[in-house]
Each structure stands twice: as C-alpha cells, then as structure tokens.
Amino acid sequence: MAAESHSNPDYYQARQMSDFTPSPFMARRSLTMQPSRLREVISADDDDVAASHESSGPVAGSSSSSSTPSSSSDGHVFRPSKAYKPVDHSPPSSSVPGSRRNSPRSSTSSHSPRVQSMAPSWNSRVLLLGDAPGLPSLPYSQRSSFYSHMTKEFDERNPFTAPRAAELQEAIYAKFKLSADPSGWSMNSFPVHAENDDSLHDPDSPDMRGFIWSDCFAGPSSELLDLVIAACTIVALILLFICYPVLTYSKDLSLQNYIGKGVNGTGQVPTMPGNFGIIDKDTPKEAYTITSKYDGSELQLVFSDEFNVDGRSFYPGDDPFWEAVDLHYWQTNNLEWYSPDAITTSGGSLLITLSETPTHNLNYQSGMIQSWNKFCFSGGYIEASVRLPGTASVGGLWPAIWTMGNLGRAGYGASLDGMWPYTYDTCDLGTLPNQTYNGQPQIAAMGGSKGKPLSYLPGQRLSACTCGDDADHPGPRNKDGSYVGRNVPEIDIFEAQTSGATGLGQVSQSAQFAPFDMYYYWNNGTDAVTIYDASLTSQNSFAGNTYQEAASLLTTTDQNCYQNGGTGCYSVYGFEYKGGDNGYISWVSNNQPAWTMNSNAIRANAESMIGQRIISQEPMYMILNLGLSRNFGTIDFDQLTFPAIMAIDYIRVYQDKNNMNVGCDPDGFPTSAYIEKHVDAYMK
C-alpha cells in the first residue's frame, strides 16, 4: 500500500516522538556540557540543516515555504542554511546485511526510511532536554549530529578517559608518594613509636595493674578478685530470686488470697489502669480506719469500691471484683430477668435499674451483681451507702445487699442444693434429709409452719459425717481426721420492704440457718439478742419455712433516702460479725447500731434433736440486686413507678488489723479445688 501523505505537521511530530527512544547515556552526556557550548553546537547544526534544504528543496509533507525562517511556539526564530548530514552509528553494511546505515534511531521500525527522508518541520520540533532555561528546543532530524558533538565534547573534557586518566594518575602519585618505610611518613603511627596511653590498652601492663590496685584494693591477686566477684554474683542472685520473693510474699500475707483461684491464681493484689485496686483510690483517707460500733475496736479498710468511674461494665470478664449475672432467679419466683444491661455506674454511684422491659418471656428486666469467687472476706465489718428504689410507702420492690459462702453461687441451683443455708459442724440427725432418721423425731413431720413438715432440705452435702476416705470433700479435717462440716451460709445487710401496718419503709436484717429449730423458734431472748432502739427495730414475724430458718428483725429506715418522695439522700447499712460457735452478728441501719445476735440464738435444740449451729466461718462474697417477687410480699402494681433504681454510693469492708482474712480460697476453708471439680454446677 502506498504511503499516505499528511500535511499536518503534528502528525509527523507524533510519529517522531513515538519512534524515538532517547538513550540514557546520551542524555547523561548532554547534560555535562555547558549551556554556552550547547548553544554553539545547536547553532552549527542549524547551519548544516539549512544548507541541506537549499540543495534538496522541500520534502513531501512539509510546508512549501520551509526555506523561509519560521517561528516556534516559544518565539525562537530558526534559519536552516546548511546540508544536514546525519552521523552513522550503525556497523558497516558488509558486516550487518540489510542494516539501515542512515537511520539515526536504534529502533528498526518500518517507518524509519520515511521519517529520515523528510525535511524537518519547524513547527513539529521536540524538546530534547526539557524546559531548560535559555536552551532552544532541538528538532528530531538534528539529534544524531547533536549527539556526535556531545560525545566529542564529553571525551575532550572527561578526565577519566584513557589518556587523561594516565596523566592524572602520574600527577597524584608524584604529589602523594610514600616510601616503603612507614617510619618516614612523618607521623607516629608505626608500632615502635610509644604513646602515653598505650598501657591503658594492655591489661597485662604493670602500669595498668598498678593503677587498679593502688586506687581500689591495694594489692590482692587477680585470683582473689575473681573469687570476690563470683561471691558477690551468687549473693546477688540469692537476694533477687529467693529473698526478694519471700519478703514480698510475706509483706502482706493476709491478703495473698483475696481473690479466689481461677480468677487470679497467683493471689496477687492487682494494680490495674482505671482505678481497679482492692482499695479504691477515691476512698477518702479518713475512711481507711473506723471504730467498731459493736465493741469500739479499731478496724482497718481491706476493700472498697466508690463507683466514681462512670460507664463501667459488669459483663463477665469486664471487672476484677464484680460480675453481673444473666439469668432468671427462679428459686424465689421472681418476675424479672437479671441482665448485665441493667447495671452501670453514673454520677458516682452504682445503678441497678428495674424496668418494664419484656425479655426472655418475662415482663421486667433488672440486675444482680456478685463478687463470687472474685472477692471474699472472713469476719469483719461490711457497709454500703444506699439510696433505696421507688417510694418508701409503696410496697412490692425487693432491693437487697447480702452475702453468701463461696461454695454456693446465687442463682445457680445445683451449687446450692444441700449446701444453703447450712451452718453446721456436727455429725447427727441435723445433717440428714428432711432432718429425720427412721421417722424420728415424730414432731418433725408437723414441726413446720401451718402443720407442714419441718424441712424439705435434701441433707447437708459436705457434713461432718463424711467418711474419711471421701475425696470429694474439700476439707479441712479436725485433729482426729474427721472432716469439718462445710456450708453456704447467708447474712443479709438488708432486704427493703414497706410495712403493711404503718406504710413506712423498713429493712429486714437477717441471717439464714440450717438445720432448723422446731417451728423455726430460734432463741430471741435477751441472752441472745440486743436491740438498740426498740422504737425503730422489732421482731420480724417471718422466722422461716421448709427451706430456711431466718433470724430476722425489722428496722424503720430514713424515709427521705429513697428514689422518689424524699430528698434522695443516701443511708448507711451494714453488719459486723465474728464466725464460729462463739461468734456474733451486729447490724447497722442508717449508720446506727440496729440489733445484735450471738451464738446463743442458734444453740442446740433437744426437741429437734440437733446441735449448735455456728456463725459463718466460710469466705463470704457480696451480692447486690433489685428484684420483684410475690414471695417477698404483696406487690402494689397500681402505685409502683418504673424504672425503679437502687443507687449505691460505695461499699467497703473492714477487719481487725491483727486478724485480716480476705480471699475466696483461704487455707482454713478452701473452695477453689471443689469449685473446679464441679464447675458445671457454678456455671450452668
């Protein structure tokens, strides 16, 4: 096909740009030339091109007036005057058959003959060196000649070409020539020249040894020094890996197991970001010690939570001391579902909210938070500052703060069966199912309330009657090898209610026991019970049922310290106790002593054929919840308002500084191994 002719110069410019690939070597060499010299080269090439035009005339595709000076787009005027003779960079035709000797390009494109035959179009000039200031653009047709000039110029000026390099080498050698003998180099670098500090680099130098011993030890041999250093190293290792751990372990030995194993197996007191210490950083310093309201002794703070950090979460794993449960508390027929969503912190208080939120086929949602297997204490005083939910005069809500033994987990029935509310360490009829043996005692068949049997309990699971070879019992053992009876006792700081007779708000402050006295008549005489203000505190008519016996008294509350209908103040509730068969429990309401019971209240009962019940010796954990159940009393749905919120400002635990015992797995009453062995009962 015949070649197509184009009159548009931009066409040739595009073809020239696409066919030409600049050589990096040539570009590098071109930039070594001075701008003035580059202009001379370009000017000489322009003259050669002009002469070529005069002799050959116009070329197809170029302007008919190509011999006339023309202007580029940047304003430069070009005057071609001489013949253009491209430099031949290709090998001779005899050595490379079919080669295009006159092509200035390295490419063998089929367009090469056509492009070579055309005269340059000054409007299609291309810029070889970019927009360099002061340099004109270079047409494509002149580039081969231009590169030749640059190569020659580069070779003339480059000092490292073969001829110039030899001259340079001779000059450098003549100027910096060194003799073969280093001693003649005019500097003290040769080893024979001694320097003042040479002895410092030679450990065997007499000067070095003299410096060390004269300044430090004045004389012993290096062997003795080695022995001294080795001995010091051994002593340091002993101090670091033996003495230091022993000292830190025994520094506060009474706090080593403050958290149950399985949560923090090392027994270390945690220091965590976010104010999670065992004693809250926000607890006032003046609250670090208090005076006992029972006997006037000084008590030391061992745990506190001020709840001052807003937005805390109590889902499993979110808090080192507390965990909110996610379940229905079916044991007391509650109407609400306990959800972690119902518990948070705000405004410096822990908030437990009971709302009309349908969930899990129930119409209400509320919360229960526990320190089970996380923080426990044995003996001492616990108090909480609380604003009660709802209105004092409207009954039906069931707010509570209470404690239980760590071998049972509130809300998990399998862990409580045969464990709650036993407080017994005697091997007799009281440990048996229904509290009877071979029909004895006969009165037990009707010794409960309203003519019912006295007990429906299944019997004490971990009793003092357990055989010595029973490996399931967690211990401990008595001196004769028999097991100590283990229990899940309950002591309540309070359960709030409204008096049906007076319409005033009250708190029930109680302890639960098993086995039971006949008709649940525990000893509430003056030898066993002390009431500090009879105008506020009185006997609770509820004393027990077939599942529990309750030593309980009622105390009128501060009617202002409620969510609604008062000033919204907080009131302090608590109890102090000492465990064992010679112990006591003393309750506090509105920060004042309310009532005290001692071990005589639960003494042996011949009629029931049972022995002495004991005040709890088990490690006790804390439970806070807000419930709704007809089991606790009449619910006034017409007057209740929702949401109902119980707010806890703080909770603190104190103990005798000479008798501190915190932890969920103490040596005397271990729980961890038993819980791990029966973990399903505590988790499902």
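Is Cys 465 buried, exposed or partly exposed? Cys 465 is partly exposed, at 31% relative accessible area (buried is under 20%, exposed over 50%, partly exposed in between; 1.4 Å probe, protein chains only).

This is a predicted model, in which local features need pLDDT of at least 70, side-chain atom pairs count only at pLDDT 80 or more, and totals for chains, interfaces and linings use all residues. Residues are numbered from 1 along each chain as its sequence is written, and side-chain values use heavy atoms, with hydrogens and water left out.

**View A. Cys 427 and Cys 465 form a disulfide.** A disulfide here is a pair of cysteine sulfur atoms within 2.5 Å. These sulfur atoms are 1.9 Å apart. The link is right-handed, with 120 degrees about the S-S bond. Cys 427 is partly exposed at 49% relative accessibility.

**View B. Cys 376 and Cys 664 form a disulfide.** Their sulfur atoms lie 2.0 Å apart. The S-S torsion is about 90 degrees, so this disulfide is right-handed. Cys 376 is buried at 0% relative accessibility. Cys 664 is also buried, at 0%.

**View C. Cys 561 and Cys 569 form a disulfide.** The sulfur atoms are 2.0 Å apart. A torsion of about -105 degrees about the S-S bond makes the disulfide left-handed. Cys 561 is buried, with a relative accessible area of 1%. Cys 569 is partly exposed at 23%.

**View D. The structure holds three disulfides.** With the bonded cysteines of the chain numbered in sequence order, the pairing reads 1-6, 2-3, 4-5. Cys 243 is partly exposed, with a relative accessible area of 29%.
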